[in-house]
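User: I would like to learn how to read local features in a protein model, one at a time. Could you take me through the general idea of each and then show me the case here?

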Amino acid sequence: MKTSITRTRRTFAIYVAMLGLFPLAAVAQTADDLVAKVLAARGGAEKIKAVRSQRVSGTISFGPGAEGPFTVEFVRPGKMHMDITIDDQTVVRVYDGKSAGWVINPFARDHNKDVQPMGEQDLQNIADESDFDGPLVDYQSKGNHIELAGQDQVDGKPVNLLKLTNKNGDVRTYSFDASSNLAVKWQGKRKVDNQELDVVTFFSDYRDVDGLKFAFEVDSDTPGTQLMQKIAIAKIELNADIDAQRFGKPQPPAPAPETPPAAEEPPAPAPTPSAPEPSPSPAPAPAPDQPPSTPPPSPSPSTPPPSTPPPTAPEPSPPTPPPSTPSPQ
């Protein structure tokens with residue numbers, strides 16, 4: 001009898017112990033599980049891939065006195081055209097979606113405002129930027145490797161971390177809100193002017209655009225430097241009609257028209273002679289006219305804007321075009 005009771009107790013204990021394992025199994029997830037949730041939160045992989053073009057517009061700031069409007073256009077496969085206007089001067093970055101890209105940067109250190117071909121590093125960066133699906137859609141076919149990186153908190157809220165290594169060996173870590181599964185933070189490195197910089201980007205103000213979720217506010221910082229950028233998106237257009245010529249070599253800006261010299265004012269007419277009145281001394285000659293004062297030229301940004309990772313929607317990529325803002329997903 002005792003033996004039977006003992007066996008029953010042991011069986012019951014094992015059964016209870018096994019029950020305790022079920023919650024752990026239920027919440028365990030793989031990297032692919034997290035990616036599936038993230039893409040579903042954005043609106044679904046199929047709906048994301050059905051978008052054939054995008055136009056994103058808004059304002060971008062690199063600090064006080066260096067801010068202005070921007071527009072970024074994307075067309076499959078991988079074509080991109082970006083304009084940023086600061087202090088009446090426009091930075092242009094274009095990628096043909098294959099192997100060629102061009103830059104017009106009036107803030108360049110050499111003050112060369114002509115169209116310049118992109119260098120190897122900039123081409124690598126812009127290839128990431130122009131992928132408006134984001135690195136997680138069909139990540140394997142893009143040569144990306146993913147792995148879970150634990151949990152953390154952003155602004156006091158729990159997040160799931162995903163580490164991604166792309167085909168060039170660049171490593172970045174994404175933080176996804178544990179409740180919404182939307183990206184709230186991106187952290188990684190960017191190579192600019194042969195220098196590797198740490199970049200941290202935060203995504204917020206998610207809105208629905210034709211059934212897809214996009215972050216309308218993107219704030220980036222480069223720890224240890226004064227480089228920063230704030231992107232406030234005003235409008236996102238999906239499947240917009242965009243001229244294919246926008247993705248070819250851009251035309252250099254037309255030279256500013258010369259301002260004709262101001263016409264000299266004629267001398268004041270001599271006073272009409274009249275009978276002199278007695279005076280202890282002769283009347284003083286009239287003072288000459290003063291030339292009109294010339295307003296000072298408008299100040300330009302104290303430092304050229306960092307080359308912008310264009311705000312790839314929805315993901316979110318130094319005095320060269322800023323590290324473009326990576327798309328978060």
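Analyst: Asp155 lies in the loop between E7 and strand E8 (157-165), where helices (H or I, at least four residues) and strands (E, at least two) are DSSP runs numbered from the N terminus. This is a predicted model, in which local features need pLDDT of at least 70 and side-chain atom pairs count only at pLDDT 80 or more, whereas totals for chains, interfaces and linings use all residues. Residues are numbered from 1 along each chain as its sequence is written, and side-chain values use heavy atoms, with hydrogens and water left out.

User: What is the phi of Asp155, and is Asp155 buried or exposed?

Analyst: Asp155 has a positive phi of about 55 degrees although it is not a glycine. For accessibility, buried means under 20% relative accessible area, exposed over 50%, and partly exposed in between (1.4 Å probe, protein chains only); Asp155, with a relative accessible area of 75%, is therefore exposed. Asp205, which is not a glycine, also has a positive phi of about 55 degrees, but Asp205 is placed in strand E11 and, at 35% relative accessibility, counts as partly exposed.

User: Which peptide bond is cis?

Analyst: The bond from Arg76 to Pro77 is cis, with omega near -5 degrees, and Pro77 belongs to the loop between E2 and strand E3 (79-86).

User: How many aromatic pairs does a search of the whole structure find?

Analyst: In general, a pair of aromatic rings is described by the distance of the centres and the angle of the planes. Rings of Phe, Tyr and Trp (its six-membered ring) pair if their centres lie within 6.5 Å, and planes under 30 degrees apart count as stacked, over 60 as edge-to-face and the rest as tilted. The search of the whole structure finds 2 aromatic pairs. In one of them, the ring centres of Phe74 and Phe132 are 5.7 Å apart and the planes are at 50 degrees, so this pair is tilted. Because Phe74 lies in strand E2 (residues 67-75) and Phe132 in the loop between helix H4 (120-129) and strand E7 (145-154), the pair ties together parts that are 58 residues apart in sequence. Phe74 is buried at 0% relative accessibility, and Phe132 is buried at 4%. The rings of Tyr174 and Phe176 have centres 6.1 Å apart and planes at 20 degrees, so that pair is stacked; Tyr174 is buried at 0% relative accessibility, as is Phe176 with a relative accessible area of 0%.

User: Which side chain does a polar contact join to that of Thr201?

Analyst: A polar contact is a pair of N or O atoms within 3.5 Å; within protein, one must be able to donate a hydrogen and the other to accept it, and residues adjacent in sequence count only if both atoms are side-chain atoms. Here the side chain of Thr201 is joined to that of Ser220 by a polar contact of 2.8 Å. Thr201 is part of strand E11 (residues 195-209) and, at 0% relative accessibility, counts as buried.

User: With which residues is Ala100 in contact, leaving aside its neighbours within four places in sequence?

Analyst: Contact means heavy atoms within 4.5 Å, and, with those neighbours left aside, Ala100 is in contact with Val94, Tyr95 and Leu123. Ala100 is found in the loop between strand E4 (89-95) and strand E5 (101-104), and at 23% relative accessibility Ala100 counts as partly exposed.
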